[in-house]
Amino acid sequence: MTEWPDGVPQRLYGRRRGHKLRPRQERLLAETLPAWRFADTSFAAGLPLWLEVGFGGGEHTLELLRSHPNTAIIASEVYETGLCSLLTELVPEGAEASTPPPARLRLWPEDARELLLALPEASLERLFLMFPDPWPKARHAKRRFVHAEMLPIIACALKPGCEWRIASDDPTYQAWVEETLRPSPLFSADEPARERPPGWPPTRYEAKAIAAGRTPLYWVWRRA
């Protein structure tokens, strides 16, 4: 396992698989995903490049793809059910082995931090972190994507002046975002919005959080 300089394991996720996958899902992972995997830093050269970290069911990524036709997106997710949800929307049944990836979309089914380390400097114009796993136990805090050790790496990958959008409904994570990012000279933001801003696609997790009585916060952090 790759180690961060201070010895923190380079890992921010738990299980990759939940319930047993159906045959169609198994085919999507075995036959479709390898061809859709991000592998070339020249992908979609000339287009603004965005990265979504932990896309869940994929609805946010798909809406970004549809509503921003001049943008290329790398969508990162390790949970196999989430990967299958997105692929199911784009791959006709029976064509798992023959459907090429959209010209403006690639997937990254590994730890997103490894990808950020590999991307060229100032290659991203927008980064999305929508309702990440809060890892609420103190001993798991270093698995949170928002972490002081990550800020220079993220800042290196983002172009100056570009956006890192974060949304969370978890009070512990909301406080953590403020404590970690607010003092940093690498990023700045206004106070977070308490209602989803225009241009932010909804997600199923957001809907569940609101239905459960939790109040999401929405930040736009800008690279200095």
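**Ground rules.** I note that this is a predicted model, in which local features need pLDDT of at least 70 and side-chain atom pairs count only at pLDDT 80 or more, while totals for chains, interfaces and linings use all residues. Residues are numbered from 1 along each chain as its sequence is written, and side-chain values use heavy atoms, with hydrogens and water left out.

**Arg104.** I placed Arg104 in the loop between α3 (80-90) and β3 (105-108), helices being DSSP runs of H or I with at least four residues and strands runs of E with at least two, numbered from the N terminus. Arg104 is buried yet has no salt bridge, and Glu63, the nearest side chain of opposite charge, is 11 Å away. For charge, Lys and Arg count as positive and Asp and Glu as negative, with His and the chain ends not counted. Buried means under 20% relative accessible area, exposed over 50%, and partly exposed in between, with a 1.4 Å probe and protein chains only; a salt bridge is a side-chain nitrogen of Lys or Arg within 4 Å of a carboxyl oxygen of Asp or Glu. Leaving aside neighbours within four places in sequence, I found Arg104 in contact (heavy atoms within 4.5 Å) with residues including Phe43, Leu65, His68 and Pro69.

**Salt bridges.** My search of the whole structure gave 14 salt bridges. In one of them the side chains of Glu96 and Arg24 meet at 2.4 Å, N to O; Glu96 lies in the loop between α3 and β3 and Arg24 in helix α1 (residues 23-36), so the pair ties together parts that are 72 residues apart in sequence. Both Glu96 and Arg24 are buried, and I also find them in a network of salt bridges that links Arg24, Arg27, Glu93 and Glu96. Arg113 pairs with Asp111, with the closest N and O atoms 3.4 Å apart, and both Arg113 and Asp111 are buried. Glu163 forms a salt bridge with Arg165 at 2.9 Å between the closest N and O atoms; Glu163 is buried at 10% relative accessible area, and Arg165 counts as buried at 10% relative accessibility.

**Cysteines.** Cys156 is partly exposed at 35% relative accessible area, whereas Cys162 counts as buried at 14% relative accessibility.

**Gly57.** I found Gly57 in the loop between β1 and α2 (59-67), where Gly57 counts as buried at 15% relative accessibility. Gly57 and Leu83 are 26 residues apart in sequence and 7.3 Å apart in space, C-alpha to C-alpha. Not counting residues up to four places away in sequence, Gly57 touches Gly82, Ser85, Leu86 and Arg204.
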